[in-house]
Amino acid sequence: MSDGKSILVDTTRCTGCRGCQVACKQWNNLPGTETKQTGSYQNPPDASFETYKVVRFNEGRKEDGKPYWHFFSDMCRHCVNPPCVAAGDEIIHDDATGAVVYPKGNAKIDFDTALGVCPYNIPRKSEKSAEVSKCTMCLDRQQGGAKPACVLSCPTAMEFGERDEILKEVERRVAELKKNNPKAHAIDADDVRVIFIVEDDPKTYYEHAAAG
């Protein structure tokens with residue numbers, strides 16, 4: 001398989017606008033999800049069978065007492081060596097892009113296995129059909145020569161391209177951020193195609209932001 005494609009998500013540039021979340025819904029013709037008041041700006045509260053992408057909001061205080069407010073546009077990381085493919089023969093690992101796709105009508109996928117082996121807690125199951133879903137990295141758009149919908153919608157934080165070029169840009173940005181913040185790093189960059197840059201402990205963004 002070629003090196004394929006990757007997405008860079010620079011959380012230091014994310015404004016929490018949720019444009020990517022809306023674009024994902026629109027492109028995939030996903031229905032609206034009922035929102036809930038949980039005391040957070042994050043809505044819906046979690047991903048679901050009909051919500052592939054959620055911008056997570058997390059706030060707290062750093063060790064020095066200063067407040068932080070982190071945005072994390074959570075989505076499938078499209079692992080370079082995806083463990084979830086063991087959950088069903090229907091699962092596609094695209095040779096050209098590296099995208100990992102659960103085709104529609106996939107009720108034979110073993111959901112417990114797919115979720116159990118996923119380091120990022122991504123797959124979701126339909127209570128009605130028993131099908132399993134997640135982000136497709138917009139494989140259909142890529143095959144037509146277009147960027148993933150979430151990337152196209154983002155004015156500040158997301159980039160898409162050939163994996164080797166994205167990795168170079170990730171390295172450049174992390175090096176620049178480290179000049180002022182030694183905690184800055186890319187999460188699991190060698191193992192995933194959706195690479196998040198953070199400037200704090202990943203758990204201050206989301207409990208499943210990093211593997212392990």
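I looked up M137 first: M137 is buried, at a relative accessible area of 1% (buried means under 20% relative accessible area, exposed over 50%, partly exposed in between, with a 1.4 Å probe and protein chains only). I note that this is a predicted model, in which local features need pLDDT of at least 70, side-chain atom pairs count only at pLDDT 80 or more, and totals for chains, interfaces and linings use all residues. Residues are numbered from 1 along each chain as its sequence is written, and side-chain values use heavy atoms, with hydrogens and water left out.

**Entry 1: backbone around M137**

I checked the backbone angle of M137 and found phi near 60 degrees, a positive value in a residue other than glycine. M137 sits in the loop between β7 (132-133) and α3 (139-143); helices (H or I, at least four residues) and strands (E, at least two) are DSSP runs, numbered from the N terminus. I then turned to C138, where phi is near 45 degrees, again positive in a residue other than glycine. C138 belongs to the loop between β7 and α3. C138 counts as buried, at 8% relative accessibility.

**Entry 2: a cis peptide bond**

I looked at the bond from N43 to P44 and found it cis, with omega near -5 degrees. P44 is in the loop between α1 (19-27) and β2 (54-61). For reference, most residues other than glycine have a negative phi, and most peptide bonds are trans.

**Entry 3: the sheet**

I traced an open sheet of four strands in the order β8-β1-β10-β9, with mixed pairing; two strands pair if DSSP finds at least two bridges between them. β8 (158-162) and β9 (185-186) stand at the edges with a single partner strand each, so one side of each has no neighbour in the sheet.

I went through the pairings in turn. β1 and β8 pair in the antiparallel sense over five bridges, and I7 stands opposite F160 in β8. β1 and β10 pair in the parallel sense over four bridges. β9 pairs with β10 (residues 194-198) in the antiparallel sense over two bridges, with A186 opposite I197 in β10.

Which residues does D10 contact, leaving aside its neighbours within four places in sequence? I found A157, R173 and I197, where contact means heavy atoms within 4.5 Å. D10 is in strand β1 (residues 5-10) and stands opposite I197 in β10. D10 is buried, with a relative accessible area of 2%. Five of the six residues of β1 are buried, so β1 is largely enclosed by the rest of the structure.

**Entry 4: the whole chain**

I counted five helices and 10 strands in the chain. The radius of gyration is 17 Å, which agrees with the value near 17 Å for a compact globule of 212 residues; the radius is taken over C-alpha atoms, and the globule rule is 2.2 Å times the number of residues to the power 0.38. The C-alpha atoms fill a box of roughly 50 × 45 × 30 Å along the principal axes. Of the 212 residues, 49% count as buried. Among contacts between residues at least 6 apart in sequence, 58% join residues at least 24 apart.
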